[in-house]
Amino acid sequence: MAIDQVHDLQQVYRKILHSMSRPGTISSLADNTRKVDFDLSCFHATFLSAMTFLDAEVTFHILSTDQQNLIDKISAYTSSKFAPINEADFIIILREDTEESIQHAFSQCKNGTLIDPQQSSIWIMESSPLSNVGELTLTGPGIQNTAELHTSLTSSLWQARNVRTKEYPLGIDLIITDESGQVVCIPRTTSVEMKEVR
Amino acid sequence: MKPNTHFAFFDEGSKKEIRRAIMKAVAIPGYQVPFASREMPIARGWGTGGLQITLSIIGKSDVLKVIDQGADESVNAVSIKKLVYETTGVELTEQTDKASIIQSRHRIPEVALTEDQIIVLQVPMPEPLRPVEASELKTKSMHAEDDYSGVWLMLFEQIMKYGKTATGADHPVYVNDRYVMAPSPIPRFDNPKMHESEALILLGAGREKKIYAVPPYTNVESLAFEDYPFAVETFEGKDCHLCGSTDVFLDELIDPQTGETIYQCNDTSFCIDQLNKKEEVEVQTSYA
């Protein structure tokens, strides 16, 4: 069954919105990812997130250099254009990307200006299975007390993220996806602390 | 449902643009994100900001409630409800607890909202600094610099003139200790409901082309001075002449027969709910 551009993407959006307004809350897109019926070199949840947000008005960037096929596919489906890391509105990080290249991307990407903090990049990042038992403690708007989260991002990557969100309202907002169609969001307002150094 | 309109009126490109603006608004609580406000089949200033948000987020399984100054049946609410219904076919309700999306003009319902609900507020003037600074460029840089002396001065002058802060509605709030935000013209009575709200609050200003948000569990503090603390409207000793509720926002009316001042719940669906509950008890006791 093919994806319904109107209703599936609306459902995906609402789930991501729910997770973005409640950082650490994992939402499942499984009902919608099941309908993606072609082969992709990214998670179905990653692809659906890109479909939900990208169009001709915004640009995207994919880190790895041998993903021309995926770049072409996303461009073809959304009319969004590929742009260099320091200009892209959306940055897609795939499972295969190295820690080094992600570190570099964190330091190069847009994080807004004080006048226009919304001119920042949104990251769609892939992780090994997400869960609410793990190494991260989250606090901030949208979280009642604290939230716990596990992702496959290393502590040095979280530090790199924390550096770019230090000067609030400047910052970057993350949508993290996994293989089973789960998503979790970490907006710039969330304070992410590592419980222990891995 | 009209078969020839696209689902939720908008083309998908418009929805995407508004959806992206909402995401940024949620990520930067209280900050007014500019967006390309669309031409709508209702006039600007009649709730187009709220309507555009509602149409961009709504799906087939949503249940919609629209209120205008607390009333489900007033003309603005009814027109918006009809437009959304005719282009989506979603279920409509008047009961606050049954709705998944509540679009409202100038009130937050009396019934506490839950985390599965989104409240969309219509905003005429999103810029709390506009009374003190006419230039958009300057107000934007004042927000950037965390310079809110103008708003404080406005409140201070009200205290000098009237002995208290004299904001009737739309009393400015600090969101997440960073942005000063216009909460839309809700009475001061509703300001505390925004603080640590369970529901996501989205605010849309169609004419001014701004979208902003207050995520759940976020600090929202009404601006006040230590010696002139923030105070909500009080209705002490008054109750609704229909259902008898106290502790709710009451409208002051004149009884056309007697010429006396009477009070009535502003939130009509809450009032009807109370009346129904009373009726139920009455029926059970008198016909048992």
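A salt bridge is counted where a side-chain nitrogen of Lys or Arg lies within 4 Å of a carboxyl oxygen of Asp or Glu. Under this rule, four salt bridges are found between chain A and chain B. The model described here is a predicted one.

**The two interfaces**

The size of an interface is often given as the accessible area lost when the parts come together. Between chain A and chain B, this buried area is about 3,400 Å², and carbon and sulfur atoms give 61% of it. The contact between the chains involves 40 residues of chain A and 41 residues of chain B.

Chain B is itself divided by the domain assignment into domain 1 (12–222) and domain 2 (234–288). The C-alpha centres of these two domains of chain B are 28 Å apart. Domain 1 of chain B contributes 15 residues to the contact with domain 2 of chain B, which contributes 10 residues. The table sets out the values for both interfaces.

| Interface | Buried area | Share from carbon and sulfur atoms | Salt bridges |
|---|---|---|---|
| Chain A and chain B | about 3,400 Å² | 61% | four salt bridges |
| Domain 1 of chain B and domain 2 of chain B | about 940 Å² | 52% | zero salt bridges |

**Salt bridges**

Over all chains, the count comes to 22 salt bridges. One of them joins B:Asp62 to A:Arg14, where the closest N and O atoms are 2.8 Å apart. Another links the side chains of B:Lys15 and B:Glu12, with an N to O distance of 2.8 Å. B:Lys15 and B:Glu12 are three residues apart in helix H1 (residues 12–27) of chain B, and are therefore separated by about one helical turn.

**Helix packing in chain A**

Two packed helices are described by the angle between their axes and the distance between the axes. In chain A, helix H1 (residues 7–21) packs against helix H3 (residues 44–53) at an angle of about 100°, and their axes are 9 Å apart. H1(A) is therefore roughly perpendicular to H3(A). On the side of H1(A), the contact is made by A:Leu9, A:Val12, A:Tyr13 and A:Ile16. H3(A) supplies A:Leu48, A:Ser49, A:Met51, A:Thr52 and A:Phe53. Of the residues in this contact of H1(A) with H3(A), seven are nonpolar, two are polar and none is charged.

Technical notes
Residues are numbered from 1 along each chain as its sequence is written. Chains are lettered from A and ligands numbered from 1 in the order in which they are written. This is a predicted model: local features need pLDDT of at least 70, side-chain atom pairs count only at pLDDT 80 or more; totals for chains, interfaces and linings use all residues. Side-chain values use heavy atoms; hydrogens and water are left out. Axes are lines fitted to C-alpha atoms, for helices over the stretch in contact, and angles run from 0 to 180 degrees between N-to-C directions. Helices (H or I, at least four residues) and strands (E, at least two) are DSSP runs, numbered from the N terminus. Angles under 35 degrees count as roughly parallel, over 145 as roughly antiparallel, 65 to 115 as roughly perpendicular and the rest as oblique. Contact means heavy atoms within 4.5 Å. Ala, Val, Leu, Ile, Met, Phe, Trp, Tyr, Cys and Pro count as nonpolar, Asp, Glu, Lys and Arg as charged, and the others, Gly among them, as polar. Domain bounds come from an automatic or database domain assignment. Buried area is the accessible area (1.4 Å probe) that two parts lose on being put together, summed over both.
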